[in-house]
Amino acid sequence: MMAITQRLMEQKYDIQEDENMDDYGSSYDSTTSKDGNSANGDQRRCFSLTDQQKILFRALAGELVGVCFYVFIGCMATPHPEGVDPGTKHPGAGAIPVALAHGLGLAFLSAALLKISGAHLNPVVTLGVVLCGEMGLGAGLAYVATQTVAGVIGASLCRGVLCEAVLTCAVVLTYILAVVDPNTKSDRGPIAIGFSVVVCTLAGVATTGGSMNPARSFGSAVAVSAYNVDVWKFHYIYWAGPVFGAAIAVLFYRFVLASPEKRLVVCGSNGYQFKTAKLSQMTSFPQSGQLN
């Protein structure tokens with residue numbers, strides 16, 4: 001709790017203070033624009049938001065994602081004690097798997113979101129931080145409202161192909177935030193990734209098996225198909241789900257959670273602009289010992 005509170009107060013975001021840089025880290029022209037008006041002041045911004053409001057928006061987005069995943073994992077890992085058939089025990093039933101899913105889930109989500117929102121993930125934690133004087137009442141109410149909505153969303157995702165998609169989204173987003181992003185990555189990133197796989201497997205084992213890896217699913221299907229051709233009947237779930245989940249994770253990261261230099265949309269003198277990656281950046285491979 002102390003670590004979370006301290007980190008919340010000491011968060012350092014990559015907000016540019018250079019007079020020729022906008023709030024998203026992109027350069028803009030400070031000279032007169034084509035219509036004869038100065039590009040300085042409000043005209044160089046897409047929003048009339050202060051830097052603190054933009055930081056709060058990013059933090060609320062982090063809480064939304066974190067609580068959504070946490071509630072989803074908790075619901076998936078806490079099945080009815082009876083299985084599908086009367087008298088059979090559910091493969092995920094038991095106190096230990098449920099406790100591990102919740103505890104390790106909180107660990108990997110905190111590692112991924114700590115530098116973004118403080119990783120409260122719980123209205124009562126936010127209440128405690130507010131009462132300690134470490135967070136304003138307005139921001140605290142915004143946190144609680146976001147966490148409540150995220151809980152409803154997370155619980156509603158526990159069905160069908162969405163299961164595999166959400167599990168994969170959690171793993172991919174954890175990898176990006178804990179290992180790739182320059183502002184949130186940590187030496188403990190691999191541990192967070194491992195925890196995410198353990199937790200998502202516990203959550204999905206009774207529904208889809210918790211694959212989160214099309215290559216793993218395809219290899220298993222090929223091996224099993226030698227004596228059971230029905231294995232291909234629902235195999236599409238293990239491709240559609242992970243691909244969709246990974247795409248959602250990347251989009252949410254590049255548009256909302258990413259550090260300024262990694263965001264796809266920037267706010268400059270001409271309004272919204274999309275960054276275009278250089279071909280050399282898209283086709284180059286990391287050097288030895290580097291991840292990005």
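Does phenylalanine 218 count as buried, partly exposed or exposed, and at what relative accessibility? Phenylalanine 218 has 40% relative accessibility, so it counts as partly exposed. The model is predicted. Its chain has 292 residues, and 39% of them count as buried.

**Overall fold**
- The secondary structure comes to 10 helices and two strands.
- From the N terminus, the order of elements is α-α-α-α-α-α-α-α-α-β-β-α.
- Take the contacts in the chain with a separation of 6 or more: residues 24 or more positions apart account for 67% of them.

**Helix α3**
- Helix α3 covers residues 95-117.
- A kink of about 45° is centred on alanine 111.
- The buried residues of α3 include Val98, Ala101, Leu104, Gly105, Phe108 and Leu109.
- Ser110, Ala112, Leu113, Ile116 and Ser117 are also among the buried residues of α3.
- An α-helix has 3.6 residues a turn, so residues three or four places apart point the same way.
- Glycine 118 follows α3, and its phi is positive, near 90°.

**Packing of α2 and α9**
- Helix α2 spans residues 51-76, and helix α9 spans residues 237-257.
- The two helices pack at an angle of about 155°, with their axes 10 Å apart.
- Angles over 145 degrees count as roughly antiparallel, and α2 and α9 are therefore roughly antiparallel to each other.
- On the α2 side, the contact involves Phe57, Arg58, Ala61, Gly62 and Val65.
- On the α9 side, these residues meet Phe252, Val256 and Leu257.
- The residues of this contact divide into six nonpolar, one polar and one charged.

**Aromatic cluster**
- The count of aromatic pairs comes to two.
- Phenylalanine 218 sits in helix α8 (residues 214-224), while tryptophan 232 sits in the loop between α8 and α9.
- This pair links distant parts of the chain, 14 residues apart.
- Tryptophan 232 has 34% relative accessibility and so counts as partly exposed.
- In the other pair, the ring centres of phenylalanine 218 and tryptophan 239 lie 6.4 Å apart.
- The planes of phenylalanine 218 and tryptophan 239 are at 75°, so this pair is edge-to-face.
- Phenylalanine 218 lies in helix α8 and tryptophan 239 in helix α9, so the pair ties together parts that are 21 residues apart in sequence.
- At 39% relative accessibility, tryptophan 239 counts as partly exposed.
- Phe218, Trp232 and Trp239 form one aromatic cluster.

**Serine 217**
- Serine 217 is placed in helix α8.
- Buried means under 20% relative accessible area, and serine 217, at 10% relative accessibility, therefore counts as buried.
- Leaving aside residues up to four places away in sequence, serine 217 touches Ser211, His235 and Tyr238.

Methods:
Residues numbered from 1 in each chain as written. Predicted model: local features only at pLDDT ≥ 70, side-chain atom pairs only at ≥ 80, totals over all residues. Heavy atoms only, no water. Bend = angle between axes of the 7 residues up to and from the residue. Helix = DSSP H or I, 4+ residues; strand = E, 2+ residues; numbered from the N terminus. Buried < 20%, exposed > 50% of the residue type's maximum accessible area, 1.4 Å probe, protein only. Axes fitted to C-alpha atoms, helices over the stretch in contact; angles between N-to-C directions. Parallel < 35°, antiparallel > 145°, perpendicular 65-115°, else oblique. Contact = heavy atoms within 4.5 Å. Nonpolar A, V, L, I, M, F, W, Y, C, P; charged D, E, K, R; others polar. Phe/Tyr/Trp six-rings, centres within 6.5 Å; stacked < 30°, edge-to-face > 60°.
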